[in-house]
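This report walks through one protein model part by part, beginning with a loop and ending with the chain as a whole. Please keep the sequence and the 3D view open while reading.

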Amino acid sequence: MAEKEIVQALTEARNPRTLYIDRISTRDAVKSFIKEDKSIYSAIEACQESIAKAIDLTFSAFTKGGRLIYIGAGTSGRLGVLDASECPPTFGVSPNMVVGLIAGGDKALREAVEGAEDNKKNGEKDLIKINFSNNDILVGITASGTTPYVVGALQYAKSIGANTVLLCCNPYGELFDADVLINVAVGPEVIAGSTRLKSGTACKMVLNMISSISMIRMGKVYENLMVDVQATNSKLRKRALKIVMEAGRVPNYEAEAKLFDSDGDLKLAIIMARLDVDVEKARNILANANGYLFKALGETGYI
């Protein structure tokens, strides 16, 4: 990073409130961290309109058969990969629907890959490898807003007509002209330059909203229940049963029977329970409602 960029990046500034964090008690250090973390919420709240725009663009990409692609380096890249990896089990979607790319590849998930973030061309190359198209949306994650790997990817995405989002935590400096800028100004870190702290937490919270609300808009949630969850372990099987009991308004033995008849499809099981129909009829009803459970059940709502 050039000297000019270091001066401009708030993420690199020293925090006057934590100058002596190295010589206070453990309990006072904990209090200091908590106090600093409180600034994250107001910083995100100030970005809510930009976050909503990013979600609308993501939903639009999904409806066109496109994908949500996260790209970043270091902590930012790991956060994108984490969020992407949690979408298939939570929302029952293909692993290709939300993809996380990190500078340096999978190796960089566990250890630093020297110089990976400084190569602008590699961002473009990694998008080309996954056949990135203008139907997809790219969310570049970089606390400083200037990471070459991420900027290179954003430039390529924009050059082919794809929508772009820049998620950063730096109100200073020259930033890429993305379609949506989410600039969460959390202020200097407790430890200068350690963006895995406030910046990382803020970015994780924003990514939670982008992926989760986009999936909600896609009908992957009914009320506040994850009705497309993949019951791949004991805990999730219990959750699936509870969801069918609650949304289907039936006791556990009947919920179990509906889940068995629907081959584990929660939406079909709920429709069968609520509308007293067989699995084929439930499947037709759900298809006619485009996968939205509240519509299949004849309920009103906003879509």
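## A loop residue with a positive phi

Glu 223 lies in the loop between α8 (198-217) and α9, where helices (H or I, at least four residues) and strands (E, at least two) are DSSP runs, numbered from the N terminus. The phi of Glu 223 is near 55°, a positive value in a residue that is not a glycine. Glu 223 is exposed, with a relative accessible area of 60%; here buried means under 20% relative accessible area, exposed means over 50%, and partly exposed is in between (1.4 Å probe, protein chains only).

The model is a predicted one, in which local features need pLDDT of at least 70 and side-chain atom pairs count only at pLDDT 80 or more, while totals for chains, interfaces and linings use all residues. Residues are numbered from 1 along each chain as its sequence is written, and side-chain values use heavy atoms, with hydrogens and water left out.

Leu 207 has its place in helix α8, and at 0% relative accessibility Leu 207 counts as buried. If neighbours within four places in sequence are left aside, Leu 207 is in contact with Tyr 70, Leu 79, Gly 80, Asp 83, Val 139, Ile 141 and Leu 167, where contact means heavy atoms within 4.5 Å. Leu 207 and Asp 56 are 151 residues apart along the chain, and their C-alpha atoms are separated by 14 Å.

Lys 198 is also found in helix α8, and Lys 198 is buried, with a relative accessible area of 0%. Apart from neighbours within four places in sequence, the residues that Lys 198 contacts include Asn 15, Arg 17, Glu 36, Asp 37, Val 186 and Glu 189.

At 60% relative accessibility, Arg 249 counts as exposed.

Which residues of helix α10 are buried? In this helix, residues 252-261, they are Ala 255, Lys 258 and Leu 259. They cover an arc of only 100° around the axis, which puts them on the same side of α10; the arc is that of the directions from the helix axis to the C-beta atoms. An α-helix has 3.6 residues a turn, so residues three or four places apart point the same way. The face of α10 turned away from the buried side carries the exposed residues Tyr 253 and Phe 260. The cover over the buried residues of α10 includes α9 (234-248) and α11 (266-275), and α10 is followed by Asp 263, whose phi is positive, near 55°.

In helix α6 (residues 120-129), the buried residues are Gly 123, Glu 124, Asp 126 and Leu 127. They cover an arc of only 160° around the axis, which puts them on the same side of α6. What do the buried residues of α6 pack against? They pack against the strands β1 (68-72), β2 (98-102) and β3 (137-141) and against the helix α7 (148-159).

Thr 147 is found in the loop between β3 and α7, and at 10% relative accessibility Thr 147 counts as buried. Leaving aside neighbours within four places in sequence, Thr 147 is in contact with Ala 73, Glu 117 and Thr 142. Thr 147 and Lys 120 are 27 residues apart in sequence, and the distance between them in space is 8.2 Å, C-alpha to C-alpha.

## The chain as a whole

The secondary structure of the protein chain comes to 13 helices and five strands, and the C-alpha atoms fill a box of roughly 70 × 50 × 35 Å, taken along the principal axes. Buried residues make up 48% of the 303 residues in the protein chain. Among contacts between residues at least 6 apart in sequence, 64% join residues at least 24 apart.
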